[in-house]
Amino acid sequence: MNTRPDHVRELLAQSLAAWQVTGSVQRANGTILVRADAHEIRIAPAPPDLPFRWMVTIDGRTRGAISLVAVLRQVRAALDPGYAASRVRIAVPS
Amino acid sequence: MIQVSVLTGFLGSGKTTLLRHLLRQPAFARTAVIINEFGEIGLDHDLVEASEDSFIELQTGCLCCKVRSDLAQTLADMLDRRDQGRLPPFERVVIETSGLADPAPILQTLMIDAKIAGRLVLGGVVTTVDAVNGASTLGREEISVKQVALADRLVVTKSDLAIGTQPQLIGRLKELNPAAPVLRAHYGALDPRRLFDAGLYDPGTKSLDARSWLAEKAHAHRHDAEITTYALVREEPIRAVTLALFLETLAEHCGSDLLRLKGILNIAESPDRPAVMHGVQHVFHPLAWLERWPSDDRRSRIVFITRRIPRPWIEALLDALDAEVAETEAGAIRRRVGEQLQLRG
């Protein structure tokens, strides 16, 4: 589907702004390329025979990601070393 | 379920005066009050007289700093003593925070501590603002801004002393928290029913107190330096999986900067029963399901109160996750159809 990379490109561009990271996000041939802080990150749809949706290559190292949630986690960990993720907690039912 | 309301506001903003007036009202009988005083010698509890049906517990130290252990334990003890008949059978709890307290951890504790959360329900946040000093305090003290931004009701106190400056202050409050009704207390006097009906969702009546925060005016983007309030509106139903991924990502990336989130949702799997969502920082209530839509408006509406979280990121996140989930569903359907065709062939 052609719209998917556009959503991903927009999400990553907005993510850089939200994290206050200076960089660029481009789309070429179905791949998203993020350049920021001397890092180069490529995000491409995973081949159909792999149990992932995305392949994320950060500075030459490639890992799979099962969803955009995982993509964002990997990208932020690379670009924002001070980032400490919070885990969602569900309140006790009333 | 016993409703717990949080009464907050900056130092000297009139919390204790308001509380003293409320506790004299018949409608406010059977109220347990927890007063959190900061400092070695507390005075506030001496200034509040409780009726026979009400009583006061005192906590020293900053409630928001020691909140998880102390507040939860205090509330659990109160419930135990109530059950044993050693305390009056209170029907409501009011927590008066210290003027320097951040209300968010207090709300979180009420939501997640298993000892208390099953018996107590958050009744809303009431924030007092001093008409004389409120504007300058808001300009100077970040915690004061947060107290206002998190409120379900705002009470302007000492309004008899600052008649000329009130339009400016009211305007400022509306910028910070357009969804919270602004009430005026005259020497602490105010109808308590207008204050403490502020819970997002009443599990007893299964009704939604959402008129104020779902009002159109609350959808406008307002901002103050770092704290912003905005609403996300979606015409199309949201898939349950999309919502789960959305909340997971918000919690993961926003943490304490997601001050508060409230919403009514049209979930694709439950089109006739809207879901009510409520979160504080990375803690979310389980969805509460209403029996029916409160009006003809069936759009999903989520109100965000955030610090430094840009609205375009929130929108891009929801759009991208929804597109991904839709694709996954479509792929699964294609595979099933393919398998069935192979079986028939």
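Me: A residue counts as buried if 20 or more other C-beta atoms lie within 10 Å of its own, exposed if 12 or fewer, and partly exposed in between, with C-beta atoms placed from the backbone. With that in mind, is B:Leu318 buried or exposed?

Reply: B:Leu318 is buried, because 22 other C-beta atoms lie within 10 Å. Please keep in mind that this is a predicted model, in which local features need pLDDT of at least 70 and side-chain atom pairs count only at pLDDT 80 or more, while totals for chains, interfaces and linings use all residues. Residues are numbered from 1 along each chain as its sequence is written, and chains are lettered from A and ligands numbered from 1 in the order in which they are written.

Me: Helix 10 of chain B, then: which of its residues are buried?

Reply: The buried ones are B:Thr242, B:Leu243, B:Leu245, B:Phe246, B:Thr249, B:Leu250, B:Ala251, B:His253 and B:Cys254. Helix 10 of chain B has 15 residues and reaches 21 Å from its first C-alpha to its last, close to the 21 Å expected when the span is taken as 1.5 Å times one less than the number of residues. Just after this helix, B:Gly255 takes a positive phi of about 50 degrees.

Me: Now the interface. How many residues of chain B are in contact with chain A?

Reply: On the chain B side 33 residues are in contact with 27 residues of chain A. The elements of chain B that give two or more residues to its side are helix 4 (103–112), helix 5 (114–117), helix 10 (240–254), strand 14 (283–284) and helix 11 (311–344), and helix 11 provides the largest share, 10 residues. By class, that side has 22 nonpolar, 6 polar and 5 charged residues, where Ala, Val, Leu, Ile, Met, Phe, Trp, Tyr, Cys and Pro count as nonpolar, Asp, Glu, Lys and Arg as charged, and the others, Gly among them, as polar.

Me: What does strand 14 of chain B pair with in chain A?

Reply: Strand 14 of chain B is joined by 2 bridges to strand 6 (residues 89–90) of chain A, and the two run parallel; strands pair if DSSP finds at least two bridges between them. A:Ile90 has B:Phe284 as its bridge partner.

Me: Over to chain A: in what order do the strands of its open sheet come?

Reply: The 5 strands follow the order 1-2-3-4-5, with antiparallel pairing, and the edge strands, each pairing on one side only, are strand 1 (23–28) and strand 5 (61–65). In chain A, strand 1 and strand 2 (residues 31–36) are joined by 6 bridges, and A:Arg27 stands opposite A:Ile32 in strand 2.

Me: Which residues of helix 2 in chain A are buried?

Reply: In helix 2 of chain A they are A:Leu68, A:Val71, A:Leu72, A:Val75, A:Ala78 and A:Leu79. They are on the same side of the helix because they cover an arc of only 135 degrees around the axis, the arc being that of the directions from the helix axis to the C-beta atoms.

Notes
Contact = placed C-beta atoms within 7 Å. Helix = DSSP H or I, 4+ residues; strand = E, 2+ residues; numbered from the N terminus.
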